[in-house]
Amino acid sequence: MFKNHKCKNCKIDYDETFTECPRCHHRNESLNRDFKHIQMLSWPKQIGLFAMGLGGFELIAFILSVILVKAGFAKGNEVLANMLLNAIVYLILFVSLLFICNKDIKKLLSSFKSWEPYIAGVVC
C-alpha cells in the first residue's frame, strides 16, 4: 500500500505519506491529498507515546500510590487520596506527552483546525 518517495532536495527515500522529508524537511509536493490530515511523528516519539499510553499511566499511578500510602496520606480520607492521586498522575502523564511531542505540538494541534474530521467522527 505505501511505497517510498524520493526527496527532490536531498535524494533520500521516505514514506510517501509524509508531508515533508524527514531529513531536510522539504515539502512533499506529490503527497496524495487523501493523506492531508495525517500527522507523522518520528519512530522514537511514536514508541514513547505508545509506551506512555500502554503502561505509563498504570506505572505512574502505582508508584505514586505506594508513595502516598508510605507517607500516610491515604489514612482517613481515601476519596481525597484517590482524587489527588488521579490529578497528579494525569498531570505527570500530560507533561510527559508534551515533552515527547515537544517540537511537533504545533503540527499536531493544526490538525484540529478543520471541521471535517469531527463530522466524519460523528457520522462514523
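**Aromatic pairing and local backbone features**

Phe57 is partly exposed, at a relative accessible area of 21% (buried means under 20%, exposed over 50%, partly exposed in between; 1.4 Å probe, protein chains only). The model is predicted: local features need pLDDT of at least 70, side-chain atom pairs count only at pLDDT 80 or more, and totals for chains, interfaces and linings use all residues. Residues are numbered from 1 along each chain as its sequence is written, and side-chain values use heavy atoms, with hydrogens and water left out.

A search of the whole structure returned one aromatic pair. Rings of Phe, Tyr and Trp (its six-membered ring) pair if their centres lie within 6.5 Å; planes under 30 degrees apart count as stacked, over 60 as edge-to-face and the rest as tilted. The ring centres of Phe57 and Tyr90 are 4.9 Å apart and the planes meet at 40 degrees, so this pair is tilted. Distant parts of the chain are linked by the pair. Phe57 belongs to helix H1 (residues 43-70) and Tyr90 to helix H2 (residues 78-100), 33 residues apart. Helices (H or I, at least four residues) and strands (E, at least two) are DSSP runs, numbered from the N terminus.

Most residues other than glycine have a negative phi. Lys11 has a positive phi, near 65 degrees. Lys11 sits in the loop between strand S1 (4-6) and strand S2 (13-15). Its relative accessibility is 53%, so Lys11 counts as exposed. Phi of His25 is also positive, near 65 degrees. His25 is placed in the loop between S2 and H1.

Asp15 lies in strand S2. Asp15 is partly exposed, with a relative accessible area of 22%.
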